[in-house]
Amino acid sequence: MDEKFEWLVQGMMEHEYGTIDDFISPALVTSLRNNLLVRKEKGLMTNAGVGQHSSFQENAKVRMDQISWMEDDQKDPSEESYHRLLWAFIHYLNSTCYTGLNGFESHFAWYAKGSFYKRHLDQFKNDSGRKYSIVLYLNEQWMDCDGGELVMYKGDETITIAPLGGRIVFFESDRIAHEVLPAHRTRMSIAGWMKQI
Ligand code: OGA
Ligand code: MN
């Protein structure tokens, strides 16, 4: 796994983000996707918010995804192994880059057809705890015509990444503004944040 971690770190150092297509096995992608679908089925995915006091209508102008938080002490074997992997990456970052990370939070995200998330940064104004963002995609056979790309803004440059299952994207939470373009079919992912708390 260390080569994958190193690749992500190199990407971060060279161009402010890292991405890998097969961060986890296809089997783990499938079982995480199934867990998301179960949460959706049980009505556990809820509309994501953008501010503490904003209404659903206000939120929906900015983001339309539904989310379900993952607990850090996982009972579910697939969620547990994904979290273990991310904690291994956190330890790798701390020992190679002195990042001082000591927290992690993540949620499943479900974008219904037509949903998007407008340009934003991942840090909250009143909480700088989020240092690195890491998004894992869970979609089967995503095609160009399916839309839903992640667009990252780096000065004048824009980087567009399709949400292919097993692909991971890693960037600094307060540095890279990004958005999710409208998805033309259901789009599934796990968004995570490595924190200093
Ligand atoms: C987020 C986000 C990007 C993506 O959840 O904050 O920007 O590609 N997600 O799903
Ligand atoms: Mn984001």
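## The manganese site

In this predicted model, the manganese ion (ligand 2) has three kinds of protein atom around it, namely NE2 of His120, OD of Asp122 and NE2 of His178, lying 2.1 Å from the ion. Read along the sequence, the donor residues follow the spacing H-x1-D-x55-H. Because His120 belongs to strand 5 (residues 117-120) and His178 to strand 10 (residues 177-180), the pair ties together parts of the chain that are 58 residues apart in sequence.

Are these two histidines buried or exposed? His120 has a relative accessible area of 13%, and since buried means under 20%, it counts as buried. His178, with a relative accessible area of 4%, is buried as well.

## The nonpolar cores

The largest nonpolar core of the model holds 33 residues, and those with the most contacts inside it are Phe23, Ile24, Tyr82, Phe89, Leu138, Phe170 and Met194. Helices and strands both supply it: two or more residues come from each of helix 1 (2-15), helix 2 (26-41), helix 4 (77-97), strand 4 (103-111), strand 6 (130-137), strand 9 (168-172) and strand 11 (187-195). Which element gives the most to this core? It is helix 4, with seven residues.

## How the helices pack on helix 4

Helix 2 and helix 4 pack with their axes 9 Å apart and at an angle of about 120 degrees. Angles from 65 to 115 degrees would count as roughly perpendicular and those over 145 as roughly antiparallel, and the two helices are therefore oblique to each other. Their crossing is left-handed, and the contact is made by Leu28, Ser31, Leu32, Asn35 and Arg39 on the side of helix 2, with Ser78, Glu79, Ser81 and Tyr82 on the side of helix 4.

Helix 1 also meets helix 4, and here the axes come within 10 Å and cross at roughly 60 degrees, which makes helix 1 oblique to helix 4. The crossing of helix 1 and helix 4 is right-handed. Asp2, Phe5, Glu6, Leu8 and Val9 of helix 1 make this contact with Leu85, Ala88, Phe89, Tyr92, Leu93 and Cys97 of helix 4.

## Two residues with positive phi

Tyr98, in the loop between helix 4 and strand 4, has a positive phi near 50 degrees although it is not a glycine. Gln141, in the loop between strand 6 and strand 7 (150-154), is likewise not a glycine and has a positive phi of about 45 degrees.

Where do these residues stand in terms of accessibility, buried or exposed? Tyr98 is exposed, with a relative accessible area of 73%, and Gln141 also counts as exposed, at 73% relative accessibility.

## Thr158 in strand 8

Thr158 is found in strand 8 (residues 157-161) and, at 46% relative accessibility, counts as partly exposed. When residues up to four places away in sequence are left out, Thr158 touches Val151, Met152 and Tyr153. Lys113 is 45 residues from Thr158 in sequence, and the C-alpha atoms of the two are 24 Å apart in space.

Notes. Residues are numbered from 1 along each chain as its sequence is written. Chains are lettered from A and ligands numbered from 1 in the order in which they are written. This is a predicted model: local features need pLDDT of at least 70, side-chain atom pairs count only at pLDDT 80 or more; totals for chains, interfaces and linings use all residues. Side-chain values use heavy atoms; hydrogens and water are left out. A nonpolar core is a set of buried Ala, Val, Leu, Ile, Met, Phe, Trp, Tyr and Cys residues joined through side-chain atoms within 4.5 Å. Buried means under 20% relative accessible area, exposed over 50%, partly exposed in between (1.4 Å probe, protein chains only). Helices (H or I, at least four residues) and strands (E, at least two) are DSSP runs, numbered from the N terminus. Donors are N, O and S atoms within 2.8 Å of the metal (3.2 Å for Na, K and Ca); water is not among the atoms, so sites may look incomplete. Axes are lines fitted to C-alpha atoms, for helices over the stretch in contact, and angles run from 0 to 180 degrees between N-to-C directions. Angles under 35 degrees count as roughly parallel, over 145 as roughly antiparallel, 65 to 115 as roughly perpendicular and the rest as oblique. A crossing is left-handed if the near helix is turned anticlockwise from the far one by less than a right angle, and right-handed if clockwise. Contact means heavy atoms within 4.5 Å.
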